[in-house]
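These are my notebook entries on one structure. I set out what I looked up, entry by entry.

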Amino acid sequence: MAFGAGTINSFGGAVGDIFGGQATAAGLRLKAYGDMMAAKNYDLAAGLAKQNADYTATSTEIKEVQAERQLYLGLGTTQTDIAGSGFSMSGSGLDILRSGAAQGALTKQVVGAQGQITEAGYIEQSVAYTNMAEAARYAARVEQEMADDAESNSWITAGFKVAAGLTSLFTI
């Protein structure tokens, strides 16, 4: 029975492989845990962005109704002023009303367009955060698989080194 440096190196290598595989697996599992936490935060951000989009849609509807109300109040005031001044609803009076109506309609359209732009931005954020959450979950799954493989492979390579050590131990 020969107990030489090769035998010690084989057994030492086996122990090193086992602990190295365990350390690698632990590191990968910790990274996977971090990725899952990131995914949760991305999911939260996606939900908040979606809420903001909903709030913006509601706010825009309210602002459009307010703009329309202001338009009608302004047109009513203009009609009253024209009639109170003794003028008829013709000529300059109609021009003033037409101009007021056009300005009011434009204001309402601008409010609507600005609301849609803001809402679209929040929806885009929500989609982006959802995609990032899915990517983080995928990375976590891959890291878990890699951790399992590192753990298994460390035992396999350690087994080969133990076998090599035993072979050199019992070689004459």
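Predicted model: local features only at pLDDT ≥ 70, side-chain atom pairs only at ≥ 80, totals over all residues.

I looked up F170 and found 55% relative accessibility. The cut-off for exposed is over 50%, so F170 counts as exposed. I located F170 in the segment after α2. I then took a C-alpha to C-alpha distance from F170 to A150: the two are 30 Å apart in space and 20 residues apart in sequence.

Which residues form a nonpolar patch on the surface with F170? I found V162 and L166 there. Together, V162, L166 and F170 have about 260 Å² of accessible area. I placed L166 in helix α2, which covers residues 92-169. The relative accessible area of L166 is 38%. This value lies between the cut-offs of 20% and 50%, and L166 is therefore partly exposed.

Is S154 buried or exposed? I read a relative accessible area of 5% for S154, and because the cut-off for buried is under 20%, S154 is buried. Leaving out residues up to four places away in sequence, I listed the residues that S154 touches: D17, I18, G21 and Q22. I also looked up the side chain of S154 and found one of its polar atoms 2.7 Å from the backbone oxygen of E151.

I counted the secondary structure as 2 helices and 0 strands. What radius of gyration does the protein have? I noted 37 Å, whereas a compact globule of 172 residues would have a value near 16 Å. Along the principal axes, the C-alpha atoms fill a box of roughly 130 × 20 × 15 Å.

The accessible surface of the protein comes to about 11,200 Å², and carbon and sulfur atoms hold 63% of it. Among the contacts with a separation of 6 or more, I found that 89% come from residues 24 or more positions apart.

Notes
Residues numbered from 1 in each chain as written. Heavy atoms only, no water. Patch = residues over 30% accessible without salt bridge, like charges linked within 9 Å, V, L, I, M, F, W, Y side chains within 5 Å. Areas by Shrake-Rupley, 256 points an atom, 1.4 Å probe, with all protein chains shown as cover. Salt bridge = Lys/Arg side-chain N within 4 Å of Asp/Glu carboxyl O. Helix = DSSP H or I, 4+ residues; strand = E, 2+ residues; numbered from the N terminus. Buried < 20%, exposed > 50% of the residue type's maximum accessible area, 1.4 Å probe, protein only. Polar contact = N/O pair within 3.5 Å; in protein donor to acceptor, adjacent residues only side chain to side chain. Contact = heavy atoms within 4.5 Å. Rg over C-alpha atoms; globule rule 2.2 N^0.38 Å.
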